[in-house]
Amino acid sequence: MSISTDAQPSPDSRDRADMEKLQAGHDAALNDLMERHATPVFHFLCRMVGSEEDANDLAQETFVRVFKSRDSYRPEQRFSTWLFTIAANLARNHFRWRSRHPNLSLDAENAETEQTLGSTLPANTPSPKEAALAGERVEAIRAAVKNLPEDLREAIVLCEWEERSIAETATILETTPKAVESRLYRARQILRERLKSWL
């Protein structure tokens, strides 16, 4: 009796296997991890920092950290949770740095956001009027989320946009599920108030 070997390994087990290879000195395994995770990490960072250019730099730095910290990864951890924890910490550091260096041009960033971040969202080719309205709504939501306090923004981006569970979000943000629920509740209250003209 022959046993079928058609079953594909799960993404989590592939990640684990690649991390084991990376820890064993097979540097090429990082390319496989990047191939699977670079786009989700980039989109997460775009939503966190509001700038495609900064998100790109931070995404690259995330994988540099994965490589440097490869020996601290434990196989019982879910790789994507560990990866997003690194990305979230880099986003926090970026905000702290930006608050200490306020001479960055916010106008340039807003102009960039209008163009480049819009292109990262999927489009179903609506009519020009619908597209304009949808674009305005997306910008309004993005601006409202961007102006949330950092802890609330992290929770809403991870749970709503990244579709992470409350438990996984708590792990990424190094807090409790209860704290994440509380942050989500407060974030939704603020967003509902700020976006009531759009809802």
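Predicted model: local features only at pLDDT ≥ 70, side-chain atom pairs only at ≥ 80, totals over all residues.
F67 belongs to helix α3. Setting aside neighbours within four places in sequence, the contacts of F67 are with L22, D27 and L30. Of these residues, L22 lies 45 residues from F67 in sequence, yet the two C-alpha atoms are 7.7 Å apart in space.

Helix α3 itself spans residues 52–68 and comprises 17 residues. The distance from its first C-alpha to its last is 24 Å, close to the 24 Å expected at 1.5 Å a residue. Within α3, the buried residues are D54, A55, L58, A59, T62, F63 and V66. In general, an α-helix has 3.6 residues a turn, so residues three or four places apart point the same way.

Two of the residues in contact with F67, L22 and L30, also take part in the packing of helix α1 against helix α2. Packed helices of this kind are described by the angle between their axes and the distance between the axes. For α1 (residues 11–23) and α2 (residues 29–49), the axes come within 8 Å and cross at roughly 150°. The two helices are therefore roughly antiparallel to each other, since an angle over 145 degrees is counted in that class. Their crossing is left-handed. On the α1 side, the contact is formed by R14, D15, D18, M19, K21 and L22, which meet A29, L30, D32, L33, R36 and H37 of α2. Classified by residue type, this contact contains 5 nonpolar, 1 polar and 6 charged residues.

A further position examined was I156, located in helix α7, which covers residues 150–161. I156 is buried, with a relative accessible area of 5%. When residues up to four places away in sequence are not counted, I156 touches V145, L148, W161, L184, A187, R188 and L191.

At the level of the whole protein chain, the secondary structure consists of 9 helices and 0 strands. Of the 199 residues, 36% count as buried. Among contacts between residues at least 6 apart in sequence, 67% join residues at least 24 apart. The pair formed by F67 and L22, at 45 residues apart in sequence, is in contact.

Definitions and conventions:
Residues numbered from 1 in each chain as written. Heavy atoms only, no water. Axes fitted to C-alpha atoms, helices over the stretch in contact; angles between N-to-C directions. Helix = DSSP H or I, 4+ residues; strand = E, 2+ residues; numbered from the N terminus. Parallel < 35°, antiparallel > 145°, perpendicular 65-115°, else oblique. Left-handed = near helix turned anticlockwise from the far one by under 90°. Contact = heavy atoms within 4.5 Å. Nonpolar A, V, L, I, M, F, W, Y, C, P; charged D, E, K, R; others polar. Expected span 1.5 Å × (residues − 1). Buried < 20%, exposed > 50% of the residue type's maximum accessible area, 1.4 Å probe, protein only.
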